[in-house]
Amino acid sequence: MGPLRSQEWYSGQDRDGYIHRAWMRRGLPLDAFDGEKPHIAIANTASDLTPCNLHLNEVASSVRDGILEAGGVPLNLPVVSLGETLVRPTAMLWRNMAAMAMEEMFRANPIDGVVLLGGCDKTIPSLLMAAASVDLPAVVVPGGPALTGTFKGRPLGCGTDVWRLSEDVRAGVMSAQEFTDSESAMLRSKGHCNTMGTASTMAVVAESLGMTIPGLAGTPAPDARLLATSHATGKLIIEMVREDRRPSTILTKSSFHNAIVALAGVGGSTNAVVHLLALAGRLGVELSLADFDEIGQHIPLLANLQPSGTHLMDDLFRAGGVLAVLAQLKDELRPDAITVTGKPLVDYLGDRPIYDDDVIKPVTEPVLEDAGIAVLRGNLAPNGAIIKPSAASPELLTHRGPAVVFTSIEDLHARLDDEDLDITPDSIMVLQGCGPRGYPGMPEVGNMPLPQKVLRQGVRDMVRISDARMSGTAYGTVVLHVAPEAAAGGPLGLVRDGDLITLDVPNRTLVLEVSDEELAARAAGPADSSTAAPTRGWEKLYVDHVMQADTGADLDFLVGSSGAKVGRESH
């Protein structure tokens with residue numbers, strides 16, 4: 001091990017060294033600054049307003065104990081926390097801000113490594129983006145899913161059952177009181193959503209990228225083994241600092257390959273696409289939408305979990321966990337991709353039995369063949385759009401129908417249940433103005449509710465297309481992330497009621513049956529003034545610099561990394 005980075009602050013007998021040491025000597029002994037003990041930040045996204053991360057202070061205590069046991073100096077570092085269920089207009093608006101703020105704090109402070117505590121959807125992506133940009137030794141501890149709640153004897157899937165039950169209420173087959181009564185059963189313990197939503201997906205992605213201790217992802221939040229592995233993570237980060245094991249040595253093209261395989265195998269969230277693209281951009285790893293299709297297209301869905309299947313996350317853990325899924329897909333994984341332990345991921349996949357083959361299907365009997373996220377292209381999505389076949393209705397994956405256009409989410413809410421709305425189950429719902437720049441922030445509104453008059457017919461799915469995202473807990477034949485978005489001049493903004501659209505997922509096409517000449521004439525008309533036009537603050541910075549979904553919706557000036565070097569003194 002070479003000289004510790006923290007010694008750039010703490011060494012020497014001059015005034016600056018004195019200031020740095022003296023202000024930290026509030027319980028720390030003098031030998032904490034002698035250059036032998038790595039200083040480790042515990043980047044903690046615990047917040048009362050991020051309910052899925054409430055328990056991370058307890059996790060941080062276990063990490064702290066591990067750091068102390070291994071001879072390090074643990075330092076709690078509260079960082080920006082984004083609660084998916086609460087913040088408006090969308091947590092995605094601040095993913096890049098959180099990543100930028102964390103990056104600057106990791107770089108600005110006298111630390112030698114960092115343990116990243118995340119759970120709720122945007123917290124793990126922003127932590128990974130920040131750590132990659134600074135490239136100090138870093139390791140992730142996912143906070144884990146909540147235990148399964150039950151209502152009237154039936155298990156409830158966080159998010160997934162919210163969408164299902166709310167549609168039942170609007171269809172008139174469930175009372176509003178029953179719907180309200182189910183609230184108290186939806187989350188029965190600490191932890192994030194218990195479906196394979198975005199939070200669980202990003203934990204799986206972090207593990208398959210090599211950024212967690214193998215076997216940690218999916219450990220339920222109340223499980224004592226989460227704290228035991230958190231303690232082990234605290235010990236591991238000291239080893240990582242001493243061996244200079246950084247994100248740039250772990251997060252290679254091969255590790256992204258493995259993450260895409262895992263994403264398909266567990267039926268993970270479409271949100272992982274924008275997060276992985278943004279993370280790759282921070283590292284200079286060449287990753288594109290095409291990689292998701294090429295790598296994931298022939299990967300089978302093995303995890304029978306909501307929203308693509310039946311079970312929930314604590315069932316997955318009981319049945320063998322993420323590593324049991326990956327063991328079934330070992331031949332699809334890149335063997336050269338290492339983990340935070342320094343060993344390849346594939347080295348951890350031996351002797352990983354499946355204890356419940358209804359939860360984790362063997363590769364010979366998958367839930368679904370060819371389950372990877374599909375990338376669609378055509379004149380409606382020149383730069384691509386995505387759909388999750390495992391969560392869609394098979395009969396709608398090839399569909400042709402007339403568009404019913406909503407120009408904003410407010411327009412959708414105002415007209416959706418109008419009995420005079422010209423819409424049938426064969427129609428294709430199109431939502432404009434909900435991309436990165438248009439909303440702004442690319443909210444989770446792509447899984448549009450269906451009109452009541454359609455729901456009353458017993459219909460529970462229709463083709464829906466937008467430049468928005470949808471919750472990883474959601475389901476349906478929903479085309480998302482259309483690029484370029486409507487607010488950036490994309491063809492999505494030119495769709496009109498009655499235009500015929502053809503969706504052909506097997507052939508990966510999305511076609512608006514309108515001539516180029518007609519589209520050009522529409523584009524020459526008056527500009528839509530309904531999209532976002534902020535005049536100050538973060539929203540203006542975001543709208544002026546956010547990139548499109550097909551490249552990860554990062555800010556253009558954050559692509560690439562800046563490293564950990566700080567050249568100037570503070571006094």
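How do the axes of helix α4 and helix α13 come together, and at what angle do they cross? The axes of α4 (residues 95-108) and α13 (residues 271-283) come within 13 Å and cross at roughly 35°. Here, axes are lines fitted to C-alpha atoms, for helices over the stretch in contact, and angles run from 0 to 180 degrees between N-to-C directions.

Before going on, a word on the model. It is predicted, so local features need pLDDT of at least 70 and side-chain atom pairs count only at pLDDT 80 or more, while totals for chains, interfaces and linings use all residues. Residues are numbered from 1 along each chain as its sequence is written, and side-chain values use heavy atoms, with hydrogens and water left out.

**The whole chain**

The protein chain holds 20 helices and 14 strands; helices (H or I, at least four residues) and strands (E, at least two) are DSSP runs, numbered from the N terminus. With 571 residues, a compact globule would have a radius of gyration near 25 Å, and the chain's 24 Å agrees. That radius is taken over C-alpha atoms, and the globule rule is 2.2 Å times the number of residues to the power 0.38. Along its principal axes, the C-alpha trace spans about 80 × 55 × 45 Å. Buried residues make up 60% of the 571, where buried means under 20% relative accessible area, exposed over 50%, and partly exposed in between (1.4 Å probe, protein chains only). Among contacts (heavy atoms within 4.5 Å) between residues at least 6 apart in sequence, 77% join residues at least 24 apart.

**A parallel sheet and its helix**

Four strands form an open sheet in the order β2-β1-β3-β4, with parallel pairing. Its edge strands are β2 and β4, each of which pairs on one side only. Neighbouring strands of this sheet are turned by 20° against each other on average, direction ignored. Two strands count as paired if DSSP finds at least two bridges between them. Strands β3 and β4 pair over five bridges, and Val 114 stands opposite Ala 138 in β4. Helix α5 (residues 123-134) lies across β1 (39-44), β3 and β4, running at about 165° to β3.

Elsewhere, β7 (residues 374-378) and β8 (residues 381-387) run antiparallel and are joined by four bridges. A hairpin of two residues links β7 to β8, and Val 375 faces Ile 386 in β8.

**Around α4 and α13**

Back at the helix pair, Arg 95, Ala 99 and Glu 103 in α4 meet Val 274, His 275, Ala 278 and Arg 282 in α13. Two residues in other helices also touch α13 residues, and the table sets them side by side.

| Residue | Helix | Relative accessible area |
|---|---|---|
| Met 129 | α5 | 0% |
| Thr 198 | α9 | 2% |

Met 129 counts as buried because its relative accessible area is 0%. Leaving aside neighbours within four places in sequence, Met 129 is in contact with Arg 95, Asn 96, Ala 99, Ala 278, Leu 279, Arg 282 and Asp 554. Met 129 and Asp 554 are 425 residues apart in sequence, yet 9.8 Å apart in space, C-alpha to C-alpha.

Thr 198, in α9 (residues 198-209), is also buried, because its relative accessibility is 2%. Not counting residues up to four places away in sequence, Thr 198 touches Asp 121, Ser 269, Asn 271, His 275, Glu 444 and Gly 472.
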